[in-house]
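Got the sequence and the 3D view open? Let's work through a few questions together.

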Amino acid sequence: MTDDTYAHDTSSRSIAPGRRALTLTDRWNTPLGKPNGGYLLAAMLRGLAAEVDGAGDPLVASVSYLRSPEAGDAELATEIIRTGRRVQTASATLTQEGKGVAHLVANFAGRPDGGRTEEFGQAPELPDPEKCFDPLASGMKAEGIFGQVEYRLPAAPGWATGAPSGDPSALLWQRLRGGREVDFPALALLCDSYAPPVMEIGESVSMTVQLSVHLHRLPAPGWIATRLHTRHLVNGFHEEDCELWDGEGRLVAQSRQLAILLG
């Protein structure tokens, strides 16, 4: 396998109008032994974008996870919901063995230059990636998604050392393995590629129920600064917010997900 593993593993092929075949791989598994939700979203979004060719780039992607996926063959059924003057809306349902695994609704549009752009937030302050903690150099096995996404943190996370900090948040750098160029589906993947911040309050297992991603712009080449945090945990359900900033200090994507604790 070349280092275009991401492109290979998120690809699909048309088998009929509005239907695509794909193969989910265990190369993007979580420690629970299931394909990562961000990986599923990237594969679904790439397939849907191919079906709405000419509609522009994905702006918003909202996916509900219906059941746990398995590595293996899958099918994507797509539908164009509305073709507007500026924004196109389409949906996709991922199935395995005839059962729904995930349902996606996405909006697509062109990105003309000259629109008003202002930032009211700031990128995370992080040491240079070369000066940060590398989990793989400290014993973490490069298995599943941890072998496909590279991470750099200011210090070892508390949950990894057996001393959770009590603060369900995280700041880190990340990129696809080898610094592979990031497209919009890959940005969606990186919104859900790191360990959930609730691990810093002693929760070891969290599963995404629904994930919505806003895709603002493609990043400059290089590492992507990531800010994650959870503010509310209610009856075993919690939100998780993510911001992705490129090396030039520009917000490139943000997301919110609802997840459930399984511990």
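Helices (H or I, at least four residues) and strands (E, at least two) are DSSP runs, numbered from the N terminus, and two strands pair if DSSP finds at least two bridges between them. This is a predicted model: local features need pLDDT of at least 70, side-chain atom pairs count only at pLDDT 80 or more, and totals for chains, interfaces and linings use all residues. Residues are numbered from 1 along each chain as its sequence is written, and side-chain values use heavy atoms, with hydrogens and water left out.

Q: Which residue in the turn between β5 and β6 has a positive phi?
A: Strands β5 (residues 87-96) and β6 pair in the antiparallel sense over 10 bridges, with Q96 opposite K99. They make a hairpin with two residues between them, and the one with a positive phi, about 55°, is E97.

Q: Is N29 buried or exposed?
A: Look in the loop between β2 (19-24) and α2 (37-51) for N29. Buried means under 20% relative accessible area, exposed over 50%, partly exposed in between (1.4 Å probe, protein chains only). N29 has 15%, so it counts as buried.

Q: How many of the 15 residues of α2 are buried?
A: The buried ones include G37, Y39 and L48. Helix α2 is largely enclosed by the rest of the structure, because the buried count is 11.
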